[in-house]
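Subject: Structure for your review, with notes

Dear colleague,

Please read them alongside the coordinates.

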Amino acid sequence: MSPGPTAEKIGKYEVIDLIGRGGMGTIFRARDPVLQRPVALKVISNLEVTPELRARFFREAQACARITHPNIVIIHDMGEDSGRLFIVMELLEGEELRRVIARQAQLSLSDKLDIVLQICDGLHFAHQKGVVHRDIKPANILLLRTGQVKILDFGIAQIAGAATQRDLTRTGMFMGTLRYMAPEQVRGQADRRSDLFSVAAVSYELLSGRPPFSGDDPLQILEQLRTTTPPRLTELDSSMPTELADVIAQALQKEPGDRFADLGQMGRRLDLIRRELVGDADREAVAGDKPRNRPSSLLGPTRPPRSPTCQPAAGGRTMPECRRPTESRCPASPGSQSAPAPHSRGSSRSRSTSGFRPLLEAPPPTRPLPPCRTPARRGQRQAR
Ligand SMILES: Nc1ncnc2c1ncn2[C@@H]1O[C@H](COP(=O)(O)OP(=O)(O)OP(=O)(O)O)[C@@H](O)[C@H]1O
Ligand SMILES: [Mg+2]
C-alpha cells in the first residue's frame, strides 16, 4: 500500500495508517520515500520537549541504534518534526505477548520457555552493550509468526522516566508498566538487575497465566512490589518443574543482589530446564508413538525436516540445541515437525542435545548460515 499524494508526513516519512497508541506515543505504519520501504514510526507524545528531553532522546536513541540483535527491534532513524520527537523502526508483523497471554494461547511449557529465553538473549546482549531497557512488560514484547521474539521500546522509558516518576497515576501506561517493575526501580534506581526482575515477572505471568503482582490501583501494586512474595509457580501448578519455580523466585527477589548476576546466568538455568523438558517429550513421543501437535495458535505452515543435528563444540562439550531465532540461521538444527512438549516431565534427568522442536515456521535464511553456537557466545557474534 502506498500513501496518496496528500499523505501526512512526519519528517520525510509518509504516514500510511495508525497501528496503535501506547502511554508514551502513537505508532504509525509509514513509508520511507527514499529507501522505498515500509517502516514503523513512533511519535512520542504527552511530553513537553524541553532541550534536556531532546538531548536525552537523541542520546538514548543513539545507544539503542547500536544494538543489533535478532530479538531486539531495529531502529532505523529518529528525528523531530513540529516539536514532536519520533523514532523510526523496522515494521513488524506479530502479536504482543500481552495478547498471547490474554487469549491463553495453547503453548507448551517448553515453547513458553523458548519465548523467555529469547527475551533473556536479547536483553542480556543489550546489557552487555550498557543499555538497560527499564520497561520490560508483555506489551513491549512482540511474538512474530516465525516464533521469533522482538523486544520493543528500548530506552523509551528512560526518556519518559522523569515524567512517569512525577505522577504515578498519570496514565494507564504506568499501571501497565508498574506490575513488572522491580522495587528499586520504583525508587528511581534501575540497572540491569531491574530488567532481570521484570523478565521474571513477565515469565511468571506467561507460565502461570497470572501476574505476580496485581491490584486495582498503583498504590496497591507498589505495596505488593515492596512487601509481597508471590506464590511459587509450583503452588499454582503442581506439574511445574521445581527448578523453574526456583529460578523465577530467585529472579523476583526484592534485593537486586539476591537475584541472578545477569540474564546470561538466568538464561543458562532456564535453558537446561527446557532441554530436559524437550528431551523428556521426545522420549515420550518415541515410546508412545504419539503424533505431536504444533501450537496452532501461532504457527505458519510446516516445513520439511532439516538435518544434521548440531555438532559437539570444540573441546568435546556438546552444544545446546539451537533456539529461535538463532536456529533459523543454523544449518544444523534438527528438524522434527514436532509439537509442543507436553507439560510433563519424565523420570530421566539426562540432557537432550537433539531435542530442538520448531515451534513455528522459521524464515528462510537471507545470508550464509553461521555454525551453531552456545547462547553465551551468541551475543558477541551478533554484534556489529
Ligand atoms: N516496530 C513495530 N512494528 C509494528 N508494530 C509495532 C511496532 N512497535 C510497536 N508496535 C505496536 O504498536 C502498538 C502501540 O505500541 P506502543 O509501544 O506505543 O504501546 P504500549 O507498548 O502499549 O505502551 P508504551 O507506550 O508504554 O510502550 C502496539 O500494538 C505495538 O505492538
Ligand atoms: Mg510499547
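Residues are numbered from 1 along each chain as its sequence is written, and chains are lettered from A and ligands numbered from 1 in the order in which they are written.

On confidence, the protein chain has an average pLDDT (the predictor's confidence in each residue, from 0 to 100) of 75, and 65% of the residues score at least 70. Over residues 162–173 the pLDDT stays under 50, and the model has 12 contacts beyond four places in sequence for them, a contact being two residues whose C-beta atoms, placed from the backbone, lie within 7 Å. The pLDDT is also below 50 over residues 299–384, a stretch with 160 contacts beyond near neighbours in sequence. Where pLDDT is low, the predicted coordinates should not be read in detail.

Turning to the sheet, six strands form an open sheet in the order 1-2-3-4-6-5, with antiparallel pairing; strands (E, at least two residues) and helices (H or I, at least four) are DSSP runs numbered from the N terminus, and two strands pair if DSSP finds at least two bridges between them. Strand 1 (9–10) and strand 5 (75–81) stand at the edges with a single partner strand each, so one side of each has no neighbour in the sheet. Strand 2 and strand 3 run antiparallel and are joined by six bridges, with Gly 20 opposite Ile 27 and Arg 21 opposite Thr 26, and a hairpin connects these two strands through three residues. Strand 3 then pairs with strand 4 (residues 37–44) in the antiparallel sense over eight bridges, and in their hairpin, which has four residues between the strands, Gln 36 takes a positive phi near 55 degrees.

Ligand 1 is surrounded by 21 residues, the closest being Gly 20, Gly 22, Met 24, Ile 27 and Ala 40, where a residue is near a molecule if its C-beta atom, placed from the backbone, lies within 6 Å of it. Strand 2 (13–21), strand 3 (25–32) and strand 6 (84–90) are the elements that give two or more residues to this shell, and the largest share, three residues, comes from strand 2. By class the shell has 12 nonpolar, five polar and four charged residues, with Ala, Val, Leu, Ile, Met, Phe, Trp, Tyr, Cys and Pro counted as nonpolar, Asp, Glu, Lys and Arg as charged, and the others, Gly among them, as polar.

Elsewhere, strand 8 (residues 141–144) runs antiparallel to strand 7 (residues 94–96), with three bridges between them, and Glu 95 stands opposite Leu 143. Strand 8 also forms a hairpin with strand 9, with four residues between them, and Gly 147 in the turn has a positive phi of about 95 degrees.

Finally, the axes of helix 3 (residues 109–128) and helix 7 (residues 192–208) come within 10 Å and cross at roughly 170 degrees, where axes are lines fitted to C-alpha atoms, for helices over the stretch in contact, and angles run from 0 to 180 degrees between N-to-C directions. That makes helix 3 roughly antiparallel to helix 7, the label given to angles over 145 degrees. The residues of this contact divide into eight nonpolar, two polar and three charged.

With best wishes

Conventions:
Predicted model: local features only at pLDDT ≥ 70, side-chain atom pairs only at ≥ 80, totals over all residues. Parallel < 35°, antiparallel > 145°, perpendicular 65-115°, else oblique.
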